[in-house]
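We will go from stop to stop, and each stop tells you what to select.

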Amino acid sequence: PFELGKAPLLRVGYIENTVMIDIHHIIADGSSSAIFFKELNELYMGRDLPETVQYGEFAVTDTYTEENEKYWLNIFKEEPTTLELPTDYERPEKQSFKGTYKYTRIEKELERKILNKCKQLGITPYAYHMACYNILLSKFSNNEDICVGMPVSGRSSKYLNTMGMFVNTVVLRSNPDGEKTFKDFANEVKEKSLEAINHQKYPYQLHRQLLHLIVQVSSCLLT
């Protein structure tokens with residue numbers, strides 16, 4: 001494993017005609033991989049690399065605005081409730097990530113129906129699935145105040161060609177109450193998702209500090 005306090009957090013090896021590159025996720029997000037290999041190819045072809053903004057500038061710059069802060073203050077003007085799901089085992093005193101994964105596939109016919117429904121509703125498949133997920137959590141928890149974390153790129157146009165860890169998490173807070181039609185709720189999720197993305201510059205770690213949210217060590221603020 002890498003020692004996080006010791007640079008570089010990147011290793012390169014050569015095994016049986018194969019170059020192995022190992023980069024710790026703390027210094028590079030998914031978009032950085034494409035940038036890395038593009039620049040590597042340019043150097044391999046003997047070309048000069050264009051000057052780009054370095055990650056250090058982003059790291060020491062407050063990219064959020066007062067408007068971003070006001071937006072999240074308004075979203076959390078009431079403290080969110082803890083989501084209690086009917087699990088097989090009691091929640092441990094300290095949050096644990098022990099478990100397993102279950103993968104499934106949807107049939108082509110069902111996918112086609114979902115895409116057609118999205119066109120009818122005027123929403124993206126992402127908004128459709130997010131709306132369904134929120135409704136599912138609401139039904140399981142008997143709770144109509146649902147907070148779900150959405151990963152966002154965290155990159156503005158200025159940093160599109162910069163390597164680094166820009167990914168941020170924004171909160172989608174929704175209220176899937178029984179009085180709303182699915183069409184209305186799905187469009188509400190779409191609008192709230194767009195609003196959250198437009199205010200994504202506000203770092204997630206500041207949410208709790210700003211709002212003084214009490215997060216239990218046995219649970220996570222977001223689902």
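Start by selecting Phe182. Its relative accessibility is 29%, so Phe182 counts as partly exposed. Keep in mind that you are looking at a predicted model.

**Stop 1**

Is Tyr128 buried or exposed? At 16% relative accessibility, Tyr128 counts as buried, because the cut-off is under 20%.

**Stop 1: the whole chain**

Zoom out. The protein chain has 7 helices and 4 strands. Trace the chain from the N terminus and the elements run β-β-α-α-α-α-α-β-β-α-α. The C-alpha trace spans about 65 × 45 × 40 Å along its principal axes. Of the 223 residues, 28% count as buried.

**Stop 2: the N-terminal end**

Select Ala7 and Pro8. A cis peptide bond joins them, with omega at about 0°. Pro8 sits in the segment before strand E1, which covers residues 10–15.

Next, show Phe2 and Arg11. Arg11 lies over the face of Phe2, at 3.7 Å from the ring centre.

Move on to Glu16 and Asn17. Glu16 is in the loop between E1 and strand E2 (18–23), and Asn17 is in the loop between E1 and E2 as well. Check the backbone angles here. Glu16 has a positive phi of about 50°, although it is not a glycine. Asn17 also has a positive phi, near 65°, and is a residue other than glycine. Glu16 is exposed, with a relative accessible area of 71%. Asn17 counts as exposed too, at 69% relative accessibility.

**Stop 3: inside the core**

Hide the surface and select Trp72 and Ile123. The largest nonpolar core has 27 residues, and these two have the most contacts inside it. Which elements give two or more residues to this core? They are helix H3 (66–75), helix H4 (108–121), H5, strand E3 (146–152), strand E4 (168–174) and helix H6 (182–198). In soluble globular proteins, nonpolar side chains tend to be buried together.

**Stop 5**

How many aromatic pairs does a search of the whole structure find? The count is 9. One of them joins Tyr71 and Trp72. This pair is edge-to-face, at 4.8 Å centre to centre with 80° between the planes. Tyr71 and Trp72 are both buried.

Now select Tyr55, Phe58, Tyr159 and Phe166. Ring pairs link these four residues into a cluster.

**Stop 6**

Turn the surface back on. Select Leu85, Tyr133, Leu136 and Phe140. Together they make a nonpolar surface patch of about 360 Å². Pick out Tyr133, which is found in helix H5 (residues 125–141). Tyr133 is partly exposed, with a relative accessible area of 32%.

**Stop 4: salt bridges**

Side chains of opposite charge can pair when their charged atoms come close. How many salt bridges are counted here? The count comes to 11.

Begin with Arg47 and Glu42. They form a salt bridge, and the closest N and O atoms are 3.1 Å apart. Arg47 counts as partly exposed, at 41% relative accessibility.

Then select Asp177, Lys180, Glu188 and Lys192. Salt bridges link these residues in a network. Look at Glu188 within it. The side chain of Glu188 meets that of Lys180 in a salt bridge, 2.9 Å from N to O. Glu188 also forms a salt bridge with Lys192, with the closest N and O atoms 3.5 Å apart. Why are Lys192 and Glu188 separated by about one helical turn? They are 4 residues apart in helix H6.

Lys180 counts as partly exposed, at 27% relative accessibility. Lys192 counts as partly exposed as well, at 23%.

Definitions and conventions:
Residues numbered from 1 in each chain as written. Predicted model: local features only at pLDDT ≥ 70, side-chain atom pairs only at ≥ 80, totals over all residues. Heavy atoms only, no water. Patch = residues over 30% accessible without salt bridge, like charges linked within 9 Å, V, L, I, M, F, W, Y side chains within 5 Å. Areas by Shrake-Rupley, 256 points an atom, 1.4 Å probe, with all protein chains shown as cover. Salt bridge = Lys/Arg side-chain N within 4 Å of Asp/Glu carboxyl O. Buried < 20%, exposed > 50% of the residue type's maximum accessible area, 1.4 Å probe, protein only. Core = buried A, V, L, I, M, F, W, Y, C linked by side-chain atoms within 4.5 Å. Phe/Tyr/Trp six-rings, centres within 6.5 Å; stacked < 30°, edge-to-face > 60°. Lys NZ or Arg CZ within 6 Å of the ring centre and 35° of its normal.
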